[in-house]
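Hi,

Here is the structure I promised to pass on. Have a look at it first, and then read on for what turned up.

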Amino acid sequence: MEKADEDIILAIIVSSITLVILAVFTTLFFLVFVRKKRILNRNKEELSRNFERQLLETRLEIQDQTLNNISQEIHDNFGQVLSFVKLSLNIAKTLPTPEKDEKINESTRLIAGVITDLRDLSKSLSFERIKIAGLYQVINDETDRLNRSGIIQTELQLTGQPFVLGPQTDLILYRMFQEILNNTIKHSGSKSMKIILGYHGELFTLHIKDFGNGFDSNQVKKPQGLGLSNMKQRAALIGASVAIDSQPGNGCSVSISLDRNNSILNSHEQNIHRPGR
């Protein structure tokens, strides 16, 4: 066999081996790509399921807290007012006309106030209120309720111009607000608190300060510490951060911040509501 023929055969063999290697490499690359894609899809589906579960839990907890508030409001406010109206009308029966008319007019005003308060409470039962009114207005309504009830004196301050965060984000932030509020009422011993809602550029902040007993901030590292672990999990769900500052005897400050450009909630919602799901 001549040298030229040997070179041709060798070139053919090398080319064939190269093609086989490339084919094997391409096949392996494709299989690895498909496997990683399947893992990624499973992870996305798991995140979506977790997101839906967290939202459902949040809705149920808000509903439960709202019903507790309504029960307390009916007992402490409406019940007392209506009892007073009943007593006043019974007394009016025995009074001369001028005093009777005054008692009836007073009772009418009290009943009108009860009707207005009932309408406000009925609005608070709907999740659509958070979507329509926005986070600031819902928190403002809650602080008004607290001040009327005398449970704790609450000051609400707004800085900046409120912008839209999204109904799901507002829902989770409102539940976090409820958790902080409940912790303050149950554990702080404070007679007053201050709430600051801030909207600056793309940054949202919620700052809540009480003037009560305070506690060692290191306790927040414990999962059972005042339910704060659960609150931090919700913050992580929407890409927010939580900072707690407290010392015994100096009250407690809780700050939540969220840059809506960095929010991870939108991508979760897109996974949930994307076509074909």
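A salt bridge here means a side-chain nitrogen of Lys or Arg within 4 Å of a carboxyl oxygen of Asp or Glu. Keep in mind that this is a predicted model.

With that cut-off, a search of the whole structure turns up 2 salt bridges. One joins the side chains of R260 and E202, at 2.5 Å from N to O. This pair links distant parts of the chain, 58 residues apart: R260 is in the loop between β5 and α7 (265-273), and E202 is in the loop between β2 and β3. R260 is partly exposed, with a relative accessible area of 29%, and E202 is partly exposed too, at 32%.

The side chains of R234 and E179 also meet in a salt bridge, at 3.3 Å from N to O. R234 sits in helix α6 and E179 in helix α5, so the pair ties together parts that are 55 residues apart in sequence. As for cover, R234 is buried, with a relative accessible area of 1%, and E179 is buried with 10%.

Next, the inside. The largest nonpolar core has 35 residues, and those touching the most other members are L173, M176, F177, F204, L206, V242 and I256. At least two residues each come from α4 (135-149), α5 (167-188), β2 (192-200), β3 (203-210), α6 (228-238), β4 (241-246) and β5 (252-259). The biggest contributor is α5, with 8 residues.

Two other buried spots are worth a look. T154 is in strand β1 (residues 153-160) and is buried, with a relative accessible area of 10%. A polar atom of the T154 side chain lies 3.3 Å from the backbone oxygen of I152. Beyond four places in sequence, T154 is in contact with T143, L146, N147, M193 and I195. S107, in helix α2 (residues 97-124), is buried with a relative accessible area of 2%. Not counting residues up to four places away, S107 touches V85, S88 and L89.

Cheers

Technical notes: Residues numbered from 1 in each chain as written. Predicted model: local features only at pLDDT ≥ 70, side-chain atom pairs only at ≥ 80, totals over all residues. Heavy atoms only, no water. Helix = DSSP H or I, 4+ residues; strand = E, 2+ residues; numbered from the N terminus. Buried < 20%, exposed > 50% of the residue type's maximum accessible area, 1.4 Å probe, protein only. Contact = heavy atoms within 4.5 Å. Polar contact = N/O pair within 3.5 Å; in protein donor to acceptor, adjacent residues only side chain to side chain. Core = buried A, V, L, I, M, F, W, Y, C linked by side-chain atoms within 4.5 Å.
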